[in-house]
Amino acid sequence: MTETGDRRPLASRDTHWARSTAQWLASKSVTPNQISQASMIAAALAGGAFFLSGRQAGWAQAPFFVAAALFCQLRLLCNLFDGMVAVEGGKGAADGPFWNEFPDRVADILILVGAGTGIGAPGLGWAAAAFAVLTAYVRELGRATGQPSDFSGPMAKQHRMATITGAAILSVFQPLWGGTNEILLAALWLIAVGAAFTAFRRGRRLVTGLKSGSSRS
């Protein structure tokens, strides 16, 4: 969906556990920028776990897949709470917009390239990462030209992380059928193609909006 403003529409933001956690974080000395920076650490650990999984075989891969899935979700939690602490907690900073965007691009690259390298397909990992970054570029380009921030899919950030997390969890059980990373391979293809289509879709919507002369009120 497209939302007027700069915040991604998230149902989890309105849950009790999220509000409570954000309030607790806001009451501490932690800053939104630090939470954003922590998301890169979580992504690096996820990418590292994917990479190391490729150095194992059979059930020995399972702990690395589980770790990768958990760190991918931790990255998303950081993305959730940095904004909530900044906005609802009133702790936003002048350089907040940079730390709101830059770590996300780094995180996508670390996770997707790590996954691609782990399964022996680094080119595919880089392709998925490049298209993931492109989707964000088109969104920010639209915002810079006065259009609403377009968070539409089908392969926006939360969809990419859901796909790669699900693939990691399913890959835990691949020894049961003698699998060799087919699930992660399929997931990376899905992310690459889906993100490319998402960038194209957002670009087309942006051009349409510019031609119609519509902008944020």
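These legends go with several close-up views of a predicted model.

Some housekeeping: residues are numbered from 1 along each chain as its sequence is written, and side-chain values use heavy atoms, with hydrogens and water left out. Since we're looking at a prediction, local features need pLDDT of at least 70 and side-chain atom pairs count only at pLDDT 80 or more, while totals for chains, interfaces and linings use all residues.

**View 1. α3 (residues 62–87) packs against α6 (157–171).** Helices here are DSSP runs (H or I, at least four residues), strands are runs of E (at least two), and both are numbered from the N terminus. The two helices pack at an angle of about 160°, and their axes sit 8 Å apart. Axes are lines fitted to C-alpha atoms, for helices over the stretch in contact, and angles run from 0 to 180 degrees between N-to-C directions. On the α3 side, look for Phe 65, Ala 69, Cys 72, Gln 73, Arg 75, Leu 76 and Asn 79; they meet α6 residues including Met 161, Ile 164 and Ile 169 (contact means heavy atoms within 4.5 Å). Sorted by class, this contact has eight nonpolar, four polar and two charged residues. Nonpolar covers Ala, Val, Leu, Ile, Met, Phe, Trp, Tyr, Cys and Pro; charged covers Asp, Glu, Lys and Arg; the others, Gly among them, are polar.

**View 2. α1 (residues 16–26) meets α3.** The packing angle is about 65° here, with the axes 9 Å apart. Residues of α1 at the contact include Trp 17, Ala 22 and Leu 25, while α3 brings Leu 77, Leu 80, Phe 81, Met 84 and Val 85. The class count for this contact is 10 nonpolar, one polar and one charged.

**View 3. The largest pocket holds about 730 Å³ of space.** On a 1 Å grid over the protein atoms alone, a pocket is an open set of points with protein on both sides within 12 Å along at least five of seven lines, whereas a cavity is a set where a 1.4 Å probe fits but cannot get out; lining residues have an atom within 4 Å of a point. Grid points are joined across faces, edges and corners, and a volume is the space filled by probe spheres set on the points. The pocket has 33 lining residues, and Arg 13, Asn 79, Asp 82, Gly 83 and Asn 100 lie nearest its centre. α3 gives the most to this lining, with 10 residues. By class, the pocket lining has 12 nonpolar, 10 polar and 11 charged residues.

**View 4. The largest cavity holds about 50 Å³.** A search of the whole structure turns up one cavity of 30 Å³ or more. Its lining includes Arg 8, Arg 105, Arg 139, Phe 151, Lys 157 and Arg 202. α5 (122–144) and α6 each supply at least two lining residues, and α5 gives the most, with three. The lining divides into three nonpolar, one polar and six charged residues.
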